[in-house]
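User: I would like to learn how to read helix packing and aromatic pairs in a model. Please take me through them one at a time.

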Amino acid sequence: MKLFMNPELVDVFLALIIDFSIGDPKRLYHPVMAIGSFIHWFEKTVNKEEYSRRLRWFFGLLLWILTVTTTYLLCWSLLKLAYGVHPVIYHALNITTIWMGIAAKSLKRASFKVMEELEKK
């Protein structure tokens, strides 16, 4: 029973239940779309095909560092701010962040669409 005394583990459990039951909302802007837009912009603007392989590798590493660091700091800042307002708001935002980060049901759906398209060829 001590396992469920950790509020963050309860948040993960609730996020999993939400994800497996309803998946990601289709009509809402998903945060991963913002990350994808940033990656697309970076690739188009900075990582040009005419650059050397070594320079492109460096830009890929830089993109990874920027993406992971920015995502982490943004989530951490929002959760810290939410906790400062009220612990209930923190847990609601934490559950939402975990739910949208997992996206297992949506990933399953998308992977089956890709598989169907590949099977057509």
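Helix packing and ring pairs

Analyst: Helix α1 (residues 7-22) packs against helix α4 (residues 87-102) at an angle of about 50°, and their axes are 8 Å apart. Axes are lines fitted to C-alpha atoms, for helices over the stretch in contact, and angles run from 0 to 180 degrees between N-to-C directions. Helices are DSSP runs (H or I, at least four residues), numbered from the N terminus. This is a predicted model, where local features need pLDDT of at least 70 and side-chain atom pairs count only at pLDDT 80 or more, while totals for chains, interfaces and linings use all residues. Residues are numbered from 1 along each chain as its sequence is written, and side-chain values use heavy atoms, with hydrogens and water left out.

User: Which word describes how α1 and α4 lie to each other?

Analyst: Angles under 35 degrees count as roughly parallel, over 145 as roughly antiparallel, 65 to 115 as roughly perpendicular and the rest as oblique. α1 and α4 are therefore oblique.

User: How is a ring pair described?

Analyst: By the distance of the centres and the angle of the planes. Rings of Phe, Tyr and Trp (its six-membered ring) pair if their centres lie within 6.5 Å; planes under 30 degrees apart count as stacked, over 60 as edge-to-face and the rest as tilted. The whole structure has five aromatic pairs. Y51 and F59 form a tilted one, 5.9 Å centre to centre with 50° between the planes. For Y83 and Y90 the centres are 5.2 Å apart and the planes at 90°, so this pair is edge-to-face. Ring pairs also link F38, W41 and F42 into a cluster.

How values were computed:
Helices (H or I, at least four residues) and strands (E, at least two) are DSSP runs, numbered from the N terminus.
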